[in-house]
Amino acid sequence: MAGHKPRSVTILCKFRVLLDYLSDEDVGQLFKALLEFGANGKRPDFADERTSLGLVFGAISNQIAHDTAKYEKKCRQNSENAKCKGKNAASKEETACNGKRPQANANDRLQSQTMENGTEAVQSGESSPKSKPVYVRSV
């Protein structure tokens, strides 16, 4: 488990059925071993044994390994996106890596028109074409 280390380990409720087959002492050992596996990838001595404890560890550790792989993939994607975004930061017309214009914010969506009498009518770009509200203010 190289790369970014997760700060947490998720133990799904569906594994409770498996824990019911273990003694409280074994559940304690299992919990400590799962935390160590999640943090460092270290497998306990009982992981390869064909005992209830070893089997339950195998089932839960597979889920942890799967979750960690997803986390590392997401970290790599975020890192690549950040690098790409930095390259395009100078261009205000493009967003990171995709060449599309950035989403307009609420101020950009408002369209202004100066009227003949010296007032400004502002139409919201969010409304439907049938009934756009018009706000009039003095200039």
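Which residues does Gln63 touch, not counting residues up to four places away in sequence? In this predicted model, the residues that Gln63 touches are Leu12, Lys14 and Phe15, where contact means heavy atoms within 4.5 Å. Gln63 has its place in helix 3, helices being DSSP runs of H or I with at least four residues and strands being runs of E with at least two, both numbered from the N terminus. With a relative accessibility of 19%, Gln63 counts as buried, a word that stands for under 20% relative accessible area, whereas exposed stands for over 50% and partly exposed for what lies in between (1.4 Å probe, protein chains only).

Some conventions apply throughout. Residues are numbered from 1 along each chain as its sequence is written, and side-chain values use heavy atoms, with hydrogens and water left out. Because the model is predicted, local features need a pLDDT of at least 70 and side-chain atom pairs count only at pLDDT 80 or more, while totals for chains, interfaces and linings use all residues.

Helix 3 also holds Phe57, which is buried with a relative accessible area of 0%. Leaving aside neighbours within four places in sequence, Phe57 is in contact with Leu30, Ala33, Leu34, Phe37, Arg43, Pro44, Phe46 and Ala47. The C-alpha atom of Phe57 is separated by 9.9 Å from that of Leu19, which is 38 residues away along the chain.

A pair of aromatic rings is described by the distance of the centres and the angle of the planes. Rings of Phe, Tyr and Trp (its six-membered ring) pair if their centres lie within 6.5 Å, and planes under 30 degrees apart count as stacked, over 60 as edge-to-face and the rest as tilted. By this rule the count is 2 aromatic pairs. Phe37, at 6% relative accessibility, counts as buried. The rings of Phe46 and Phe57 have centres 5.9 Å apart and planes at 85 degrees, so this pair too is edge-to-face. It links Phe46, in the loop between helix 2 and helix 3, with Phe57 in helix 3, 11 residues apart. Together, Phe37, Phe46 and Phe57 form one aromatic cluster.

Charged side chains come next. A search of the whole structure finds 1 salt bridge, defined as a side-chain nitrogen of Lys or Arg within 4 Å of a carboxyl oxygen of Asp or Glu. Its partners are Asp48 and Arg43, whose closest N and O atoms are 3.7 Å apart. Asp48 counts as exposed at 64% relative accessibility, and Arg43 as partly exposed at 39%.

Finally, there is the question of confidence. The protein averages a pLDDT (the predictor's confidence in each residue, from 0 to 100) of 74, and 57% of the residues score at least 70. Confidence is highest in helix 2, at 93, and lowest in strand 1 (residues 110–114), at a mean of 48. Over residues 111–115 the pLDDT is below 50, and this stretch has 11 contacts in the model beyond near neighbours in sequence.
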